[in-house]
Amino acid sequence: MVLVESDSKLSRGDEAPAFELPGADGETYGLSDFAAYDALLVVFTCNHCPYAEAKVDELNHLSEAYDDLAVVGINPNDAEEYPDDSFERMKERVEDDEIRFTAYLRDESQDVAREYGAVCTPDPYLFERDGDAFRLAFHSRIDDAMNPDDDPERYEMREAVEALLAGEEIPVEATPSQGCSIKWLDD
C-alpha cells in the first residue's frame with residue numbers, strides 16, 4: 001500500500017467530465033442521470049483500501065441524509081491484481097446493503113479516473129448543478145480522520161455539502177484527501 005495525497009487537474013468552476021459507466025445495480029449511468037440533484041459528490045474509491053473503507057459509513061450517511069445530493073462512487077482499480085475490487089465484489093456489496101451510495105460505478109478502462117485527475121482512494125469531488133452541467137465546487141477530503149483507525153472530529157465534506165445546498169460559501173478549506181494509490185493497469 002502506498003499513501004498518496006490527491007492533487008486534481010480540475011479547478012473550482014470546471015465542468016464535471018462526462019462519463020458513462022456500468023453500475024453495481026445493473027444500470028448504466030452518465031452525468032445526466034443525476035440532473036435532478038442540486039449537488040453531485042463523485043468519489044473515486046474501491047473495496048480493498050483501508051482508507052477508502054474507513055469512509056464508507058460517512059458516504060452512506062451523506063447519500064441518505066441529503067435528498068438533493070447524489071453520491072457516486074467510482075471504482076477504477078485494476079481488479080485482476082486486486083480481486084476485491086472486481087465488479088462482482090462491487091455488486092455483492094451493494095446487494096448486501098454495505099454500500100448505499102446513489103450509484104457505485106465501475107471504471108474498468110480507468111479513463112474517467114484519468115479525466116478527473118484522481119490519484120488515490122478515496123478522492124472526492126463535490127459538484128454544484130449549474131443548469132445542465134455540474135461544476136466543481138470543492139475537492140477535498142471527507143473528514144479530518146487521516147488514518148483508517150482514527151475517529152473524525154470534523155466532517156468536512158458534510159459541512160461543504162450543507163453550505164452548498166443552502167447556497168452559502170463553503171466554510172471549509174480544501175485539504176487533499178489521502179489514501180491508497182489508484183491501482184493503474186499500466187503500473
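Asparagine 47 is found in the loop that lies between β4 (39–44) and α1 (50–53), where helices (H or I, at least four residues) and strands (E, at least two) are DSSP runs numbered from the N terminus. The structure is a predicted model, in which local features need pLDDT of at least 70 and side-chain atom pairs count only at pLDDT 80 or more, whereas totals for chains, interfaces and linings use all residues. Residues are numbered from 1 along each chain as its sequence is written, and side-chain values use heavy atoms, with hydrogens and water left out.

With a relative accessible area of 8%, asparagine 47 is buried (buried means under 20% relative accessible area, exposed over 50%, and partly exposed in between, with a 1.4 Å probe and protein chains only). The side chain of asparagine 47 makes a polar contact of 3.0 Å with the side chain of arginine 93, and another, of 2.8 Å, with the side chain of tyrosine 104; a polar contact is a pair of N or O atoms within 3.5 Å, of which, within protein, one must be able to donate a hydrogen and the other to accept it, and residues adjacent in sequence count only if both atoms are side-chain atoms. When residues up to four places away in sequence are not counted, the contacts of asparagine 47 (heavy atoms within 4.5 Å) include Glu53, Asn75, Asp84, Asp85, Ser86 and Ile99.

Alanine 79 is placed in the loop between β5 (69–75) and α3 (87–95), and counts as partly exposed because its relative accessibility is 22%. Leaving aside neighbours within four places in sequence, alanine 79 is in contact with Asp85, Ser86 and Arg106.

The strands form an open sheet of five, in the order β6-β5-β4-β8-β9, with mixed pairing, two strands being paired if DSSP finds at least two bridges between them. The edge strands are β6 and β9 (133–139), each of which pairs on one side only, and the twist averages 25° from one strand to the next. Six bridges join β4 to β5 in the parallel sense, with glycine 73 of β5 as the bridge partner of valine 43. β5 also pairs in parallel with β6 (residues 103–106), over four bridges, and there alanine 103 is the bridge partner of valine 72. The β-α-β crossover from β5 through α3 to β6 is right-handed, that is, with the strands pointing away from the viewer, the path from the first strand over the helix to the second runs clockwise. By contrast, β8 (residues 123–130) and β9 run antiparallel and are joined by six bridges, with phenylalanine 127 opposite leucine 136 of β9.

Both faces of β5 are covered, with Leu69, Val71, Gly73 and Asn75 buried on one side and Ala70, Val72 and Ile74 buried on the other. α3 lies across β5 and β6, running at about 170° to β6, while α5 (156–165) touches β4, β5, β8 and β9 and makes about 5° with the direction of β8; axes are lines fitted to C-alpha atoms, for helices over the stretch in contact, and angles run from 0 to 180 degrees between N-to-C directions. The buried residues of α2 (residues 56–65), among them Val56, Leu59 and Leu62, pack against β4, α1, β5, α3 and α5.

The structure holds zero disulfides, a disulfide being a pair of cysteine sulfur atoms within 2.5 Å. The sulfur of cysteine 46 is too far for a bond, because the closest cysteine sulfur, in cysteine 49, is 4.9 Å away.
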